[in-house]
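The following account leads the reader through a structure of several chains. Please keep the sequence and the model in view while reading.

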Amino acid sequence: MQTTAELLLLLVVLTDLAVLGSSRLRTCIRAVAAQGLLLGLLPVALASRYTVHVVALSAGTVVVKAVVLPLFLLWAIREAAVRREVEPLVGYIASLLLGAAAVAAGFAIATRLPVPDVAEPVLVPVALATVMIGLIVLTTRRKALTQVVGYLMLENGIYLFGLTQTESVPFLLEVGVLLDIFAGVFIMGIVVFHINREFDSLDSSHLTELRD
Amino acid sequence: MRLIVLWLVPAIAALATGLVPSPRVTRWRVAVLVGAAALHLGVTVSLWSSPGESALNGWLGDDPLGLLVLTLVSTLFFVAATYTVGYLRRATPRGGRVFVSGLLGFLAATTLVALSQHLALLWVGLEATTFTVAPLIFHRHDRRSLEAVWKYLVISSVGIALALLGIFFLATAQHGVPGNPLILGDLLAHAGELQPMWLRAAFLFLLVGFGTKMGLAPMHTWKPDTYGEAPALVGGLMAGGLTSCAFLGVARITEVTMRAGLGPFVQPLLIAFGLVSLATAAVFILGQGDLKRLLAYSSVEHMGLLVLGLGLGGVGAYGTVLHLINNGLAKGWLFLVAGNVVLATGTSAASGTRGLIRTLPASGILLVMGLFAVTGSPPFGPFLSEFTILRAAVGGGHVWVAAIMLFLLAAIFVGMAVLVLGMALGEPATDAPAERESAWLLAGPIALAGLVLLLGLYIPAPLQRALAHAATALGGGAP
Amino acid sequence: MTGHTDWRALVAVAMVLLIAPAIPGIATKTKSVLTGRRGAPVLQGYRDLAKLVRKGRVYSDVSTWVFRAGPVVVVASLVLALLMLPLDGRSAPLHFAGDVVAFAGALALGRFALVLSGLDTGSSFEGMGASREVTIASFAEPVLFLCFAALVLATGHLSLNGAVGPAIGAAWPRDTASLVLVALALFVLLLAENARVPVDDPATHLELTMVHEVIVLDHSGPDLALVLYGSALKLTLFAALLVCVVVPRAALRAWTAPVAVAAGVAVVAVLVGVVESAMARLRLTRVPQLIVGAGALALFGIILLLR
Amino acid sequence: MTFVFWSVALLLVAGPIGALVSRRAAAEFAYRACVSAALVLGAVPAVRVLAGGSVASRTLATPMPGGPWVFGLDALSALFLLIALGVGTAAAWFGVAYLHRGVTARAARTSHFFLSTLLAAVAALVVARAAVPFLIAWELMALASYGAIVLDHGQAGVRRAGLLYLAATHTGTLLLFVLFAAWGAGAPDLTFAALGGRTLDPAARAIVLGAALIAFGFKAGVVPLHFWLPEAHSAAPSHISAVMSGVVIKMGIYGLLRVSLLMGALPAWWGWALLALGGVSGVLGVVWALAQHDLKRLLAFHSVENIGIILLGIGVGALGVAYGHPAVAALGFAGAALHTMNHALFKSLLFLGAGSVVHATGTRELERMGGLARRMPVTALTFLIGSAAIVGLPPLNGFVSEWLIARSMFGAGLSASPARVAVLGVGVLGLIGALALACFAKVFGAVFLGRPRDASVVVAGESAAGITRPMAVLAAACVAVGLLPGVVTPPVLRAGALVAGHANPVVPAAASDPAAMAATWFTLGLGGALLLLWGVVRSGWARTPWAAATTWGCGYGLPTARMQYTASSFAAPLLGAYRGMTGVRVVRTDASLATHVADPVLDAVVTPGWNRLQEAARRIRPLHRGRLSIYLMYVVAALLAMLTYLMLAGRGA
């Protein structure tokens with residue numbers, strides 16, 4: 001089964017890069033949705049034996065990360081009638097290179113860290129890379145929605161790392177995580193909706209009224 | 001049992017006030033709010049008589065530090081609840097349904113943080129605070145408050161996410177170590193066996209993550225916007241209660257790392273963050289033009305002092321814990337007074353506001369007293385704690401840290417004095433007669449002021465014991 | 001008084017008080033003679049006083065009791081200062097540790113009274129004179145203190161009684177250089193404090209150029225008499241101080257010591273006359289330099305002693 | 001000790017009573033009664049201690065950091081307690097009458113409240129024997145005095161002065177934190193006993209003494225830390241100015257003496273530093289004062305001058321300790337202590353007099369006054385006494401203390417150690433004295449003598465008894481102390497010996513200082529002689545005739561008030577001589593002549609420095625431009641910085 005896991009993780013990296021490289025919001029959201037699906041499959045792929053816990057976890061993950069949130073985001077962009085990210089602070093090529101660097105860094109750091117043997121060796125590097133790429137998207141994009149996407153990727157990366165702990169960290173935790181992400185993005189969505197109504201755009205760079 | 005009650009009371013009240021759909025009738029909601037707050041405070045006080053309970057097989061407990069934070073939050077919340085009575089009479093766009101239930105939800109979340117002995121649970125609590133507070137910040141429903149809540153949500157969500165990563169690292173560090181995962185007691189018991197590299201990484205991420213929630217520079221950027229736009233009493237609850245809970249998170253992981261003997265690695269970081277926060281606060285306080293933003297930066301300053309004391313160790317730890325209480329109460333006091341000013345003048349901008357002690361005698365005087373209290377002038381409480389932290393700096397041989405700290409404190413004092421005294425003194429623009437202020441709006445600040453003053457002159461023995469315990473837990477000791 | 005003051009000291013004081021009015025006369029006479037004039041008789045001072053005492057007084061309607069009190073305080077303070085000098089070379093009628101400060105204090109008191117009585121008239125001339133008086137004094141007083149400091153260091157006595165009394169004799173052979181410097185400084189001070197050439201010319205009556213005379217423009221009759229006696233006494237006092245420094249009298253027999261002092265005072269007066277006939281009056285702005293110069297002498301004297 | 005506690009308690013209630021009692025007269029009576037009773041209660045134990053008795057100290061056990069609160073009363077505390085309560089009571093009585101005009105009843109009540117609170121804080125301060133109560137009392141004093149200063153906060157100038165004062169005093173307080181933190185490092189608790197018991201290594205001692213020098217120097221107004229003082233003193237109501245310079249800044253002196261006492265083994269540099277600062281403050285203070293023509297600013301600068309004189313005394317004392325000349329040390333400290341008391345007496349007298357004048361004429365501008373001696377005889381007489389006293393003329397109190405200080409300098413000069421260089425200080429003393437004489441000749445002449453220079457002054461009349469009586473009392477005190485050095489020297493010598501570190505050995509010797517007795521004969525003789533001659537002369541002249549005429553104008557028949565010599569013209573030649581070293585500017589046009597003093601410290605250092613700081617802050621502030629993604633970058637940057645730290649530092653452990 002390890003090989004499938006590795007394959008899935010590879011795909012995760014590809015989705016990361018897809019988000020980094022595409023200017024169309026729709027594509028970004030689809031990529032994140034795909035990533036959510038992969039994340040949902042991973043517990044099953046990693047698990048030595050299928051417990052209720054594992055199945056429930058993957059099911060819940062798929063529902064939330066691959067279905068609910070993406071649909072919600074798609075609804076939001078339809079509401080806001082935004083198509084694409086207009087000039088990001090860092091160009092797409094540049095951010096792709098950054099992303100590649102992030103992946104490399106992820107592997108570099110992971111090799112230094114004493115990774116617990118239980119986990120799939122590629123898991124930690126990919127997790128770190130995803131976290132970093134999420135941060136990159138958060139810091140370099142302008143549209144509020146894109147930043148939400150970035151935040152989702154950040155959470156996904158953390159979730160990936162959490163997978164190394166499926167044995168030790170109790171079940172409640174994942175639930176908490178999912179709930180929090182859900183609540184988080186849900187409220188963020190409402191805010192996004194309000195931003196859209198107040199400013200007729202989701203360009204968060206309009207939100208610079210409060211300053212010193 | 002009481003611990004469960006403590007958590008359930010506000011949670012249920014929050015649901016009740018939130019779900020029951022009667023948008024207009026605020027009276028019973030406020031009643032529920034005050035009632036829940038009173039009950040909460042009562043139970044909290046009862047904990048002092050016989051501490052050491054635990055519930056949910058050790059996930060909840062009231063160790064000295066947690067109990068201190070819990071008491072602080074509970075006190076603040078009760079005061080804020082009484083204040084809400086007057087506040088909702090004066091200024092509320094709608095029935096206060098979201099407002100009240102948000103407040104109660106906040107109380108539930110912070111209680112969870114203060115009581116949780118399980119670090120993941122603590123994290124969940126902190127995360128919950130973020131989302132319970134958001135609607136409160138958005139209370140005014142206008143562009144500015146929208147921008148504020150947006151920035152607050154994104155920044156603190158990112159922070160909390162990094163904290164979660166830190167929690168996972170901690171769990172990884174605990175791999176193969178006996179004891180239940182992420183239970184504080186077990187972590188401390190076997191701190192020596194934790195995998196040091198992962199422990200360090202965990203500390204870094206938790207410091208950044210919870211530091212963001214605390215508002216340590218440079219992760220403080222949400223603070224002025226949020227406090228500036230949120231209703232004053234929400235600002236007070238956040239600056240006094242929420243930041244204290246976030247600090248509790250930092251304190252927990254510091255406990256573990258200190259116990260694991262990583263002090264030399266940890267302390268420079270804490271000191272650095274402390275000084276950077278002080279410096280940032282000073283820069284933005286000099287020439288600040290808005291009272292609530294000023295208080296926000298003052299909060300950044302005091303968060304800096306907290307971690308500074310933690311990093312200096314020794315009596316510094318004691319000073320930090322004491323300062324946690326003092327700062328919480330003083331911030332509540334000042335924010336509520338600022339709320340009165342805003343209610344009376346309609347703005348918290350300094351320009352154009354003059355002679356408050358003539359137009360608004362009680363609040364004006366409270367404001368000026370608060371200035372001295374929060375800048376660490378004797379005989380108010382913060383003086384003792386700041387003095388103790390300074391003793392740790394000088395006594396520990398960190399003379400330069402002490403020098404920088406003093407310089408920044410002096411600059412901050414002058415900056416704050418310029419703005420606050422400028423508003424309080426002088427000839428009022430309008431020669432309207434001094435207006436009579438509602439008792440509901442004054443009782444809270446006066447009570448807090450009394451407490452802060454008391455803590456400067458006398459520390460009750462039980463409190464003293466709790467402070468000493470907490471200080472020793474943080475690797476320091478009582479002076 | 002500190003008990004064992006013998007009455008001879010008081011006699012000596014009385015004698016100096018008596019000869020005081022003649023001293024300025026001596027100076028002026030010397031000057032006249034040296035400049036080839038006959039000049040007023042030496043005892044002219046007594047005649048003027050006698051005449052003035054008999055005259056009536058004119059008070060400005062502006063002035064107050066401060067004006068009237070001025071002359072009295074001037075004379076009283078000078079007499080008191082005189083009491084602190086061990087004229088007979090043994091003991092002063094009034095002495096105690098640190099009385100050097102009291103000596104200077106008494107002089108300052110007189111000056112304060114004089115200046116205020118001048119200002120009391122509201123006249124611009126007397127205001128100007130008062131201003132110049134305090135200006136010059138502000139340079140002279142520290143010099144006086146430095147001279148006293150030098151004397152104290154040289155003799156080890158904190159009281160004039162010892163410092164310019166018995167102990168000075170032993171000090172001369174030991175610290176000749178310093179004492180010479182101090183004597184010079186004291187002489188300059190004498191010229192400055194008493195408004196003599198080169199600091200000021202008592203002979204002129206062109207108000208704008210004067211310091212001392214102009215302050216008392218409004219005094220008349222007995223008041224003026226007191227003022228004139230006071231200025232004469234001040235000159236005598238400084239001369240006596242100088243003599244006490246220069247002439248060790250402990251060896252002399254009890255009666256001869258006061259006489260020696262009197263003679264010395266007369267000599268100093270002659271010296272003043274000589275200086276006045278030899279030098280021209282300095283511009284007022286140059287005066288400080290002169291006095292600071294004297295201060296430098298005294299300071300040098302002290303440094304020699306501290307060595 | 002109980003008496004002192006009661007005294008403090010009374011002072012604390014004195015203010016609030018005013019708010020409770022509705023009828024104003026009754027409230028004021030209660031206020032006066034409380035303050036006066038507090039004076040009596042405080043004076044009883046203080047006098048007992050000064051007379052050689054002793055009072056048991058009290059300890060309040062408390063679980064607070066810093067250990068127990070100890071309160072004690074030794075000769076040093078007693079002296080300052082007497083000063084504070086005495087001057088404070090006079091000022092309080094004065095203030096009640098003074099604030100009857102010009103301010104609302106509420107404002108007056110507030111002012112009374114702050115004044116009595118201030119006195120309570122000072123009383124507590126001087127008996128505090130532990131760091132925490134000391135700091136609390138210290139700050140309470142500072143805040144109360146701030147409140148009293150900004151009574152008239154409608155004026156921007158007053159607000160500015162108040163802010164300047166706050167900034168200065170708060171900086172001082174922070175340095176006191178350092179002082180006690182450094183001194184208490186490693187001590188069981190922060191009681192003075194524990195601090196005094198420690199022997200510090202030179203570095204720590206340098207920190208402690210340096211912090212003390214700056215912190216207490218700020219409060220005392222030592223050049224160059226004096227810049228807040230003239231502003232605050234001239235902004236405050238006159239009786240508050242009196243308390244400020246009579247009591248509050250004296251607490252800086254008390255602090256220096258207390259630290260010297262506790263430190264025991266003082267290093268020589270400390271003595272030299274005090275000596276140098278004293279000389280600079282004394283000379284510059286009086287020269288700056290000469291340049292003023294605002295009456296209260298002028299008096300304020302004289303406070304700087306007298307602080308300088310006091311510091312000269314402390315400096316010699318410290319040198320005496322450092323080089324081991326107990327007698328010199330005792331004399332120096334005693335002189336400083338006595339001059340502190342004397343300055344408190346005559347300077348508060350002068351400020352009250354200034355208040356009376358301002359009250360009557362409505363102006364503080366010297367150039368507009370004149371001829372008030374005829375219109376305000378009591379004020380004039382008391383002010384004259386105060387002037388003569390501050391100049392240091394016998395037979396008044398200023399002379400006695402300068403005499404003691406000069407003696408200590410001579411004594412140092414006769415020693416064999418390097419301390420003998422201090423003898424040069426007498427020259428400085430002489431210079432200061434002569435300049436002060438010039439300055440007060442100018443003040444008294446310009447204000448009280450000659451003709452009124454302004455219509456508002458012509459109509460002025462003597463102030464009410466409520467205002468003049470306190471002045472009369474203070475004047476009497478000046479004369480009494482001046483006439484009886486034999487009585488006042490033993491107690492202050494006791495205090496001096498205490499600071500000099502040998503608690504009792506010297507005291508018996510000191511208590512009977514023969515010189516002091518002789519000096520008493522001198523002062524009494526002088527006083528007697530003056531009275532006698534005055535009487536004789538008056539009676540003698542009563543018989544001889546006298547005529548009244550206009551002032552002799554050298555032939556010009558109709559002298560006018562404008563022809564009088566002005567204060568500026570009076571000071572001009574002196575300032576001309578000193579201009580180079582003091583930043584005094586003399587502006588002379590063909591029509592007028594005016595002197596301005598641009599305070600070299602405030603205008604050349606403090607204000608520009610502050611502006612530069614704000615400018616720097618303004619430059620940095622764009623970092624907070626409202627860009628969310630930028631903010632997130634800060635978070636990421638912090639994370640990266642820490643990760644690099646992990647990679648670098650993490651290795652080692």
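The model is a predicted one, in which local features need pLDDT of at least 70 and side-chain atom pairs count only at pLDDT 80 or more, while totals for chains, interfaces and linings use all residues. Residues are numbered from 1 along each chain as its sequence is written, and chains are lettered from A and ligands numbered from 1 in the order in which they are written.

Asn57(B) is found in the loop between strand 1 and strand 2 of chain B; helices (H or I, at least four residues) and strands (E, at least two) are DSSP runs, numbered from the N terminus. Phi of Asn57(B) is near 30°, a positive value in a residue other than glycine. Leu56(B), found in the loop between strand 1 (54–55) and strand 2 (60–61) of chain B, has a positive phi of about 50° although it is not a glycine. Leu56(B) is partly exposed, with 15 other C-beta atoms within 10 Å. Most residues other than glycine have a negative phi, and most peptide bonds are trans.

Two cis peptide bonds may be considered next. One joins Pro378(B) and Pro379(B), with omega about 0°, and Pro379(B) lies in the loop between helix 15 (361–374) and helix 16 of chain B. Another joins Val223(D) and Pro224(D), with omega about 5°; Pro224(D) lies in the loop between helix 8 (202–220) and helix 9 (228–235) of chain D.

How do the chains meet? Of the four pairs of chains in contact, chains C and D share the most contacts, two residues being in contact if their C-beta atoms, placed from the backbone, lie within 7 Å. In this pair, 64 residues of chain C are in contact with 68 residues of chain D. Helix 6 of chain C gives the most to the side of chain C that touches chain D, with 19 residues. Strand 1 of chain C is joined by four bridges to strand 3 (residues 546–549) of chain D, and the two run parallel; strands pair if DSSP finds at least two bridges between them. Within this pairing, Tyr59(C) has Ala548(D) as its bridge partner.

By contrast, no contact joins chain B and chain C, whose closest C-alpha atoms lie 41 Å apart. For chain A and chain C, which also lack any contact, the corresponding separation is 57 Å.

Chain A, finally, has seven helices and zero strands, and 49% of its 212 residues count as buried.

Technical notes. A residue is buried if 20 or more other C-beta atoms lie within 10 Å of its own, exposed if 12 or fewer, and partly exposed in between; C-beta atoms are placed from the backbone.
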